[in-house]
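Reader: I am new to this structure and would like to learn how to read it. Could we go through it feature by feature, with the general idea before each case?

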Amino acid sequence: WLSEDLDTLKTLTKTGKFYDVLAEKLTIETGKMHTRKDGKQTAFEVLFSAARNNTPEKEVLRKYWPAFVHICDTFKLAHIDAYEAQGRPRAEALDFGNASLAVFLQRIESGIFVDRILIDLLRRGYRVLSKHDSILCKPSELPEVLAFVRAHLDNILGEGEYQLSVEE
């Protein structure tokens, strides 16, 4: 849990640079130009695909951030074993287990943005919507909503432990 590659990953994620750096590593390792979008796709592949999916891109991610890939794969494989231990058929255990990390992460995101931030904003009378890890609001209410979102995220994640972007 305290490996150097996880510290690097945490820093890159907090500063919003992880996908860019991963794209650079993919370019170096494959000899083919990769973009930030490719870096993001590779990261999502590891998070949301089967544990035993070993694409060349995943192997690049494993080379530079082995603990991250290990944690993701181990989480899924443990859930596959748990579903099989419950008596589920192998194919179903594989489906459920491989989806377990994605479901877990989606629940965390939903708990933060829907169950806490969105509900609190609605209770305060703001006309807002959530869209994944975003809150949509009227431009005139942006400063207040942004301050509110920051306060919540500071409380949940820690001050300076995340990066926000604002689009109009």
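This is a predicted model: local features need pLDDT of at least 70, side-chain atom pairs count only at pLDDT 80 or more; totals for chains, interfaces and linings use all residues.

Reader: With which residue does arginine 88 form a salt bridge?

Author: The general idea is that side chains of opposite charge can pair when their charged atoms come close. The rule used here asks for a side-chain nitrogen of Lys or Arg within 4 Å of a carboxyl oxygen of Asp or Glu. Arginine 88 is bridged in this way to glutamate 92, with 2.7 Å between the closest N and O atoms, and glutamate 92 is itself partly exposed at 29%.

Reader: How many salt bridges does this rule give, and which parts of the chain does the pair of lysine 10 and glutamate 161 tie together?

Author: The count comes to 10 salt bridges. In one of them, lysine 10 meets glutamate 161, the closest N and O atoms being 3.9 Å apart. Because lysine 10 lies in helix α1 and glutamate 161 in the segment after α7 (142-157), this pair ties together parts that are 151 residues apart in sequence. The helices named here are DSSP runs (H or I, at least four residues), numbered from the N terminus.

Reader: Are lysine 58 and aspartate 73 buried or exposed?

Author: Both lysine 58 and aspartate 73 are buried, and their side chains form a salt bridge with an N to O distance of 3.0 Å. The two residues also belong to a network of salt bridges that links Lys58, Glu59, Arg62 and Asp73.

Reader: How should I read a nonpolar core, and which residues have the most contacts inside the largest one?

Author: A nonpolar core is a set of buried Ala, Val, Leu, Ile, Met, Phe, Trp, Tyr and Cys residues joined through side-chain atoms within 4.5 Å. The largest core has 18 residues, and Phe18, Leu22, Leu61, Trp65 and Phe68 have the most contacts inside it. Two or more residues are given to this core by each of α1 (4-14), α2 (18-30), α3, α4 (56-64) and α5 (66-85). A second, separate core has 13 residues, among them Ile117, Val145, Phe148 and Tyr162.

Reader: How many aromatic pairs are there?

Author: Rings of Phe, Tyr and Trp (its six-membered ring) pair if their centres lie within 6.5 Å, and planes under 30 degrees apart count as stacked, over 60 as edge-to-face and the rest as tilted. There are 7 aromatic pairs by this rule. The rings of tyrosine 19 and phenylalanine 44 have centres 6.5 Å apart and planes at 55 degrees, so this pair is tilted.

Terms used:
Residues are numbered from 1 along each chain as its sequence is written. Side-chain values use heavy atoms; hydrogens and water are left out. Buried means under 20% relative accessible area, exposed over 50%, partly exposed in between (1.4 Å probe, protein chains only).
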